[in-house]
Amino acid sequence: MKIYNTLSKKKEEFVPLVPGKVSMYVCGPTVYNFIHIGNARPMIVFDTVRRYMEHKGYEVNFVSNFTDVDDKIIKKAQEEGVTADEISQRYIAECKKDMEGMNVKPATTHPLATQEIDGMIEMISTLIEKGYAYPAADGTVYFRTRKFKEYGKLSHKNLDDLRGGNRSLLVSGEEQKEDPLDFVLWKPKKEGEPYWESPWCQGRPGWHIECSVMSKKYLGEEIDIHAGGEDLIFPHHENEIAQSECCNGKIFARYWMHNGFLNIDNRKMSKSLGNFFTVREISEKYDLQVLRFFMLSAHYRSPLNFSAELMEAAGNGLNRIVNAVENLKFLAGNASQETLTEPEAETQKALAEYEKKFDDAMDDDFNTADAISAIFELVKFANTNVTEDSSKALAEAVKDKIVELSDILGLIVEKKEEMLDAEIEALIEERQAARKAKNFARADEIRDILLGKGIILKDTREGVKWKRA
């Protein structure tokens, strides 16, 4: 398996630090509003990387944070007259709903920055002790950028070019810095802002230190993969490397993965252009599975253009797969022959070829566009080779292979059977009878059957109530 490493600017063979295990950190969103479709791209991309790693047999420790203390959160809280915590908790919950809609698996751990302040103070203290950081008179703590000789190795930027060529890259507050390129690790509170006690002042951490500390706590000092959008390469990921490697004395991450930008109708997404879309808004027009399919239809490192026409095309593409699966289910259910015939056994061997094409694409830096092409080839194979004369075994084998490969990409292509209300009520009555007869195993079995079909039961004083998930 080869991964393009931003650090080396080339594809490298993936070799994990611990055989059979993968440690992976993905920078998550700042939670002050509904997530937008730009946030959705790294969520979908790196969820797919994780799913493929798991398909290959790796045990993946996948950590993705929520930045729940930030100027934007504080501003939103002040506008609404509520606490910053109320804003962040509200939008973490909304983000999780959108992630579920996109079929993004919950991380192994979703750490919150505000719950890791002690670790941040500890890392900053270590950096001061080692001479890599210094407190200013007002309690702000800065990182000595030039002291880390490898600064710029990820973004491939030269420190002197940064200093002379682009003033916008320099952080404000230069008058108390030793060097204009030094960046903030800890900053004093402003009136009405949340703050924490520290040895330097009442204040809060800088953004970059948060991810360094959460990655270290939940994955260790050295990790396999660190990932995020390409907008994070500089300064965020560059600063993370500087802090972590100076504090821990080890290489921070072996592989750095970054997804390309998302444009809207060939223009950068921005509120001022009126082309800013949240995932929630998209979900009102399209099934979020279509959004996922659209995101995976291009290579993750390529820039991606979002438009209504391309979303329609993605919807049609996904429907081709869904319809093929539905057709195979129908053929399997109506087949006169149960088992494979001898010629069919030969036909079935071809499934391995499509799986190999899929794996080859994914092994080449997670080329999901080519992986989807392999699924389309399998769909074409199904439409040509599985007919009403085919056995149930062949129809099911082909269907299962399409579903399996789609599932690795997080695409749900097998529709849940819609249950009629009368059918649900009959099963609930049977469950009640089973409970009365103390046949709890059957009662639990019926609850699980209903749950599998998207029906949630709730036992109340008035009897059993049900709702669709």
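**Reading a predicted chain: confidence, a site and helix pairs**

Modeller: In this predicted model, pLDDT, the predictor's confidence in each residue from 0 to 100, stays under 50 over residues 165-171. For that stretch the model has ten contacts beyond four places in sequence, contact meaning heavy atoms within 4.5 Å.

Biologist: What does the chain average in pLDDT?

Modeller: The average is 94, and 97% of the residues score at least 70. In this predicted model, local features need pLDDT of at least 70 and side-chain atom pairs count only at pLDDT 80 or more, while totals for chains, interfaces and linings use all residues. Residues are numbered from 1 along each chain as its sequence is written, and side-chain values use heavy atoms, with hydrogens and water left out.

Biologist: Which residues does the UniProt annotation "binding site" cover?

Modeller: UniProt positions are given in the numbering used here, with feature names shortened, and annotations may be inferred rather than shown by experiment. The unreviewed entry lists Cys-27, Cys-211, His-236 and Glu-240. They span 214 residues in sequence, yet no two of their C-alpha atoms are more than 11.1 Å apart, so they gather at one spot.

Biologist: Is Glu-240 buried or exposed?

Modeller: Buried means under 20% relative accessible area, exposed over 50%, and partly exposed in between (1.4 Å probe, protein chains only). Glu-240 has 0% relative accessibility and counts as buried; Cys-27, at 12%, counts as buried too. Glu-240 sits in helix H7 (residues 233-248), where helices (H or I, at least four residues) and strands (E, at least two) are DSSP runs numbered from the N terminus. Cys-27 is in the loop between strand E3 (21-26) and helix H1 (37-55). Beyond four places in sequence, Cys-27 touches residues including Cys-211, His-236 and Glu-240.

Biologist: How are two packed helices described?

Modeller: By the angle between their axes and the distance between the axes. Axes are lines fitted to C-alpha atoms, for helices over the stretch in contact, and angles run from 0 to 180 degrees between N-to-C directions. Under 35 degrees counts as roughly parallel, over 145 as roughly antiparallel, 65 to 115 as roughly perpendicular and the rest as oblique. Helix H4 (residues 117-129) and helix H6 (residues 207-219) pack at about 105°, their axes 9 Å apart, which makes H4 roughly perpendicular to H6.

Biologist: Which residues of H4 and H6 meet?

Modeller: Gly-119, Met-120, Met-123, Ile-124 and Leu-127 in H4 meet Ile-209, Glu-210, Ser-212, Val-213 and Lys-216 in H6.
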